[in-house]
Amino acid sequence: GSKRILSLCEVQVLSLLPAPAISAVQGQLYLQEYMQGRDRGVQLRSLLALGRASFEAALYEEEDPVALEQMYARMADPKGLMTAADLNPLRARYLEKIASSPDCLRHHLMDEPFERRCCQSTLTGSPVGCLSRAVSLLRAAGQKPQAERLYMRAKGLTWEEDAVVQWSSPWHTCEVFLPNVATSLFWPRDHERIAPLVSAVELSAKAFAADYAKLATGGYFTGMYPGLAASGEWEQVTLYNGDMGWSEQLCAVASATCDMLRGRLPGEHLREFYFLSNTEEVAFVRLAAGTHLRPHNGGSNMRLNLDLPISGHEGAELTVGDVKKSWERGKVAFVYDDCVDHEVKHSGFHDFARLAIGFMHWDAVDALTAMRVKKEL
């Protein structure tokens, strides 16, 4: 039959149709509009509609988790158009379908080599990895009710009568979750296992600010995880993490910060047993005015976070779970669980600089220390 170019309105309507209604002819029409469109916005929307239609159809038809992972990888390509935030719910559906397949569920104990597991785009190569990322994608898309329903479905997954997911609440949906580690959105700064670090950090606020100035003028900051920024820019200088320990080069510049904090991280003596490189971390972080970091978590409930604002905190807001907090200059106003999805919005007029410290939860410290004493590690 005769061909015509669809209007943008028609493209938008057709893109909402269920997968069985999407045909190759409709896909060709999407592509035709893209090729002939003069307006860049129309071109982009029509190409995204084509991609979305193709991936919707594939999700409906494909059952092989390996093939689904390959499709997800193409859809999540950071260099492609398919990273548009409005595709996050579709990406989440892919991850849930992969995680729920029998071939993937049998890997939930992670007892096979990584290359033989499912969900290889995640930290652990496990169904929990896929499900954790899916929940975060739905929250990043603003679909909190859908995220909670996915949490309930995930909690119901079993393999040979074993629960696949150990999460303790809809907020604690990180990939590496240890059920014997106590959880909370926030922890009191005067907690006996937190207060000594908080006190030391606040007493050294001026020295930290001076070190930040040296690093900023020296050009040491580098961009971090651009995919997390819905707008603006996030930069960081990492002085310590599990991979490198304390950076000799950077500690030569920020000597006061390194000297003050070296040996004060509660799990530093267990560095060789960190599950993730960021289980403990010391970094200066800088957010440009107007930056919005989408909901994300640190991947593990072994880590707690505290921040010391240095400058520009006015207008910056942190949301942990469903609780909003504001920073106070020169003060550690709160301590929060890195396992919980958290989001940052900076609506101020100046760069927001802070010292960010991630430290190991005391329950994990005590458990690992006991295991090392018993030579079980």
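## Disulfides

The link of Cys 104 and Cys 118 is right-handed, with 60° about the S-S bond. This pair connects distant parts of the chain, 14 residues apart: Cys 104 lies in helix 6 (residues 102–105), and Cys 118 in the loop between helix 6 and helix 7. Helices (H or I, at least four residues) and strands (E, at least two) are DSSP runs, numbered from the N terminus. The S to S distance of this disulfide is 1.9 Å, where a disulfide is a pair of cysteine sulfur atoms within 2.5 Å. Both Cys 104 and Cys 118 are buried (under 20% relative accessible area, with exposed meaning over 50% and partly exposed in between; 1.4 Å probe, protein chains only).

The whole structure holds 4 disulfides. Another joins Cys 174 and Cys 339, with sulfur atoms 2.2 Å apart; the link is left-handed, at -90° about the S-S bond. Cys 174 sits in the loop between strand 2 (162–163) and strand 3 (186–187), and Cys 339 in the loop between strand 13 (335–337) and strand 14, 165 residues apart. Cys 251 and Cys 258 are also bonded, at 2.1 Å between sulfur atoms. Cys 251 counts as buried because its relative accessibility is 9%; for Cys 258 the value is 0%.

## Basis of the model

This is a predicted model, in which local features need pLDDT of at least 70, side-chain atom pairs count only at pLDDT 80 or more, and totals for chains, interfaces and linings use all residues. Residues are numbered from 1 along each chain as its sequence is written, and side-chain values use heavy atoms, with hydrogens and water left out.

## The chain as a whole

The protein chain contains 13 helices and 15 strands. Of its 377 residues, 51% are buried.

## Helix 8

Helix 8 (residues 144–155) has 12 residues and spans 17 Å from first C-alpha to last, close to the expected 16 Å (1.5 Å times one less than its number of residues). Its buried residues include Ala 147, Leu 150, Tyr 151 and Ala 154. Seen down the helix axis, the buried residues of helix 8 fall within an arc of 105°, so they line one face; the arc is that of the directions from the axis to the C-beta atoms.

## Strand 14

In strand 14 (residues 342–346), 4 of the 5 residues are buried, so the strand is largely enclosed by the rest of the structure. Strand 14 pairs in the antiparallel sense with strand 9 (residues 292–296) over 3 bridges, and with strand 11 (residues 316–320) over 5 bridges, also antiparallel. Pairing requires that DSSP find at least two bridges between the strands. His 342 is the bridge partner of His 296, and Glu 343 that of Thr 319.
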